[in-house]
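Reader: Could you walk me through reading a hairpin and its turn? I would like the general idea, then the case at hand.

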Amino acid sequence: MTGRPVTVLKNNKPWVVIAPVEPSAADVAIDFMDEYAEVFEELAK
């Protein structure tokens with residue numbers, strides 16, 4: 001993986017570009033909360 005966009009050709013013409021996306025802040029926060037759910041449950045007691 002290079003992290004660079006890749007252009008897919010159809011009939012020798014550019015058809016679609018596949019590119020990596022940057023995670024949004026919300027995605028990062030959700031992943032963090034999922035990873036540490038047990039810790040947050042204990043702190044909430």
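Author: Gladly! Strand 1 and strand 2 make a hairpin with two residues between them, and N11 in the turn has a positive phi of about 55°. Strands here are DSSP runs (E, at least two residues; helices are H or I, at least four), numbered from the N terminus. This is a predicted model, where local features need pLDDT of at least 70, side-chain atom pairs count only at pLDDT 80 or more, and totals for chains, interfaces and linings use all residues. Residues are numbered from 1 along each chain as its sequence is written, and side-chain values use heavy atoms, leaving out hydrogens and water.

Reader: How many bridges join strand 1 to strand 2?

Author: Two strands pair if DSSP finds at least two bridges between them. Here five bridges join strand 1 (residues 6-10) to strand 2, and the two run antiparallel. T7 stands opposite V17 in strand 2.

Reader: What is the phi of N12?

Author: Most residues other than glycine have a negative phi. N12 has a positive phi of about 65° although it is not a glycine, and N12 lies in the loop between strand 1 and strand 2.

Reader: Is N12 buried or exposed?

Author: Buried means under 20% relative accessible area, exposed over 50%, and partly exposed in between (1.4 Å probe, protein chains only). N12 is exposed, with a relative accessible area of 72%, and N11 counts as exposed at 70%.

Reader: How many residues of strand 2 are buried?

Author: Zero of the six residues of strand 2 (residues 13-18) are buried, so strand 2 lies largely in the open.
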